[in-house]
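Dear colleague,

Please find the structure below, together with its sequence. My notes on what was found in it follow directly after.

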Amino acid sequence: MENKSTPYAADEIVVLKNVVKHYPLGKVTVEALRGIDLTLYAGEFAAIVGASGSGKSTLLNMIGCVDLPTSGSVFINGIEIGKQNDKELTQLRLYNLGFIFQTFNLVNVLSVFQNVEMPLLLQGHFTRKERLLRVDQLLDRVGLLTHRNHRPNELSGGQRQRVSIARALVGKPKIVLADEPTANLDSVTGKEIIDLMQEINNADQTTFLFSTHDERVVSRVQRVIPIEDGLLTEPDYNAATSHSNTRHTGTR
Ligand SMILES: Nc1ncnc2c1ncn2[C@@H]1O[C@H](COP(=O)(O)OP(=O)(O)OP(=O)(O)O)[C@@H](O)[C@H]1O
Ligand SMILES: [Mg+2]
């Protein structure tokens, strides 16, 4: 989807300008994000890292168009989300974003196949045959083709997370957002999940943005984005330099 209405370069897939998010809580206001400037480039494999309560999920929610900022701007693939109506935001989400959650968020009454198929049904323009091909291709890729008729509650945690990776990718999103994707997995399974996401990132150049405080994840990403009390603790190097791309803080 191309949009020439903003001055952003095509490979600046996510741009945040002075994003502030306040939550009213009784008589007080929680300042969850206090002015975030961030640029993510297509193909990055990056992690937002910070303590509990630092604003990681809030930041992912802003990028995922789950919620709107109190002030500031969020651009996804050049489109300013604050200027979209609900229908346009839904479309933006469907075609640009895939989500992976800590608790998998699969629908237990549906089969593995049906869970992965859901984004294609929402996109709405695939024939049954096309959906079958695409879903099975993704299930094969995450190693679960043999489990396509199982229900999520018949799978292990790692298998469930593989299903959610397949579901996140089936609509061919440009960005996959993952909120603590390994937090509910043992270390071996968590590593396998990171391996799988990295393999997909390498093969397809899909942009991945995680939140985590898991050292195993931090050491594997290409770029670490530290957050503390609703502020990024280092200036976003990508925003400051044009496109020097990755600062390697970990091994790939
Ligand atoms: N819906 C909400 N209403 C009120 N306060 C909220 C809401 N969501 C988040 N907050 C507050 O905003 C701050 C940031 O929360 P957030 O969930 O983004 O942190 P986090 O870094 O994801 O933490 P964790 O590692 O525990 O998941 C916290 O002080 C939290 O209590
Ligand atoms: Mg969180």
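Asn105 is found in the loop between strand E6 (97-101) and helix H3; helices (H or I, at least four residues) and strands (E, at least two) are DSSP runs, numbered from the N terminus. Asn105 is not a glycine, yet its phi is positive, at about 50 degrees. Most residues other than glycine have a negative phi. Asn105 is partly exposed, because 14 other C-beta atoms lie within 10 Å. On this scale, a residue is buried if 20 or more other C-beta atoms lie within 10 Å of its own, exposed if 12 or fewer, and partly exposed in between, with C-beta atoms placed from the backbone.

Glu180 also has a positive phi, of about 45 degrees, although it is not a glycine. The loop that holds Glu180 runs between strand E7 (175-179) and helix H6 (187-204). With 19 other C-beta atoms within 10 Å, Glu180 is therefore partly exposed.

As to provenance, this is a predicted model, in which local features need pLDDT of at least 70 and side-chain atom pairs count only at pLDDT 80 or more, whereas totals for chains, interfaces and linings use all residues. Residues are numbered from 1 along each chain as its sequence is written, while chains are lettered from A and ligands numbered from 1 in the order in which they are written.

The protein has eight helices and ten strands. Of its 252 residues, 40% count as buried. Residues 24 or more positions apart account for 73% of the contacts with a separation of 6 or more; two residues are in contact if their C-beta atoms, placed from the backbone, lie within 7 Å.

The largest nonpolar core has 60 residues, a nonpolar core being a set of buried Ala, Val, Leu, Ile, Met, Phe, Trp, Tyr and Cys residues joined through C-beta atoms within 7 Å. Helix H5 (residues 157-170) supplies the largest share of this core, six residues. Val116, Ala166 and Leu209 have the most contacts inside the core. Leaving aside neighbours within four places in sequence, Val116 touches Val135, Leu138, Leu139, Val163, Ala166, Arg167 and Val170.

Met118 is partly exposed, because 16 other C-beta atoms lie within 10 Å. The C-alpha atoms of Met118 and Arg167 are separated by 7.6 Å, although these residues are 49 residues apart along the chain. After H3 comes Gly124, with a positive phi near 85 degrees.

The axes of H3 and H4 come within 10 Å and cross at roughly 120 degrees; axes are lines fitted to C-alpha atoms, for helices over the stretch in contact, and angles run from 0 to 180 degrees between N-to-C directions. H3 and H4 are therefore oblique to each other, given that angles under 35 degrees count as roughly parallel, over 145 as roughly antiparallel, 65 to 115 as roughly perpendicular and the rest as oblique. Val112, Phe113, Val116, Glu117 and Leu120 of H3 meet Arg131, Arg134, Val135, Leu138 and Leu139 of H4 in this contact.

For helix H4 (residues 128-141) and H5, the axes come within 9 Å and cross at roughly 135 degrees. H4 and H5 are therefore oblique as well. Arg134, Val135, Leu138 and Leu139 of H4 make this contact with Ala166, Leu169 and Val170 of H5.

Turning to the strands, an open sheet of four has the order E2-E1-E4-E5, with antiparallel pairing; two strands pair if DSSP finds at least two bridges between them. Strand E2 (28-41) and strand E5 (79-80) are the edge strands, each pairing on one side only. Strand E1 (residues 12-25) is joined to E2 by eleven bridges, among them the one between Leu25 and Val28. Two residues lie between the strands in the hairpin of E1 and E2, where Gly26 takes a positive phi near 60 degrees. E1 also pairs with strand E4 (residues 71-76), in the antiparallel sense and over five bridges. Here Val20 stands opposite Ser71 in E4.

With kind regards
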